[in-house]
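Here are a few exercises to work through with the model open beside you. Try each task before you read its solution.

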Amino acid sequence: LPPPLPPPLPPPLPSPLPPPLPPRPETGTPRHGKLMPEPSLLALRERIRQHWEDSELEVIVLVEGIDPMSSNTFQARHSYMSSDLRFDAGFAPTMSITDEGVPQVDWEEFHKTVDLPFNTTCWVGSSHS
């Protein structure tokens, strides 16, 4: 007798990604599949800023890593209050490539921020570049 055939594969799972949003018109931005007019985004940003100040919220950031040479674990902790937050700003560029092709970090720029125009296409902050 020939060996039994394996069971058929299950159907593929649906994509976890939502469908793409339509292009942004000049006066609004997609938000959860709906368009929000620019004045609404500005008002939302101001309500968020005011909530941070009124609530005395604190964000605590923990970063943990492992030293590859010694396998020692290290942690960095920092607390952010509303006075530490900057709206419509991003981190200044810190990474560059030398003429020899070696990546380099400019530690003098690491904590500096730069002003950014209010962006209606993305209202999530940026990170170190």
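Let's start with charged pairs: the structure, a predicted model, holds four salt bridges. The exercises look at some of them, then step back to the whole chain.

**Exercise 1.** Find the salt bridge of Asp 88 and work out which parts of the chain it ties together.

*Solution.* 
- Step 1: look for the partner. The side chain of Asp 88 meets that of Arg 45, at 2.1 Å from N to O. A pair passes the test when a side-chain nitrogen of Lys or Arg sits within 4 Å of a carboxyl oxygen of Asp or Glu, so this one qualifies.
- Step 2: Arg 45 is in helix α1 (residues 38-55), while Asp 88 is in the loop between β4 (73-81) and β5 (89-91), so the bridge ties together parts that are 43 residues apart in sequence.
- Step 3: check the exposure. Buried means under 20% relative accessible area. Arg 45, at 18%, counts as buried, whereas Asp 88, at 28%, is partly exposed.

**Exercise 2.** Which parts of the chain does the pair of Arg 86 and Asp 115 link?

*Solution.* 
- Step 1: confirm the pair. The two side chains form a salt bridge, with 2.2 Å between N and O.
- Step 2: Arg 86 belongs to the loop between β4 and β5, and Asp 115 to strand β8 (residues 113-115); the pair links distant parts of the chain, 29 residues apart.
- Step 3: sort them by exposure. Exposed means over 50%. Asp 115 has 61% relative accessible area and is exposed; Arg 86 has 41% and is partly exposed.

**Exercise 3.** Are Glu 109 and Lys 112 buried, partly exposed or exposed?

*Solution.* 
- Step 1: see how they meet. Their side chains make a salt bridge at 3.3 Å, N to O.
- Step 2: read off the values. Glu 109 comes to 23% relative accessible area and Lys 112 to 42%.
- Step 3: classify. Glu 109 is partly exposed, and Lys 112 is partly exposed too.

Notes. Residues are numbered from 1 along each chain as its sequence is written. This is a predicted model: local features need pLDDT of at least 70, side-chain atom pairs count only at pLDDT 80 or more; totals for chains, interfaces and linings use all residues. Side-chain values use heavy atoms; hydrogens and water are left out. Helices (H or I, at least four residues) and strands (E, at least two) are DSSP runs, numbered from the N terminus. Buried means under 20% relative accessible area, exposed over 50%, partly exposed in between (1.4 Å probe, protein chains only).
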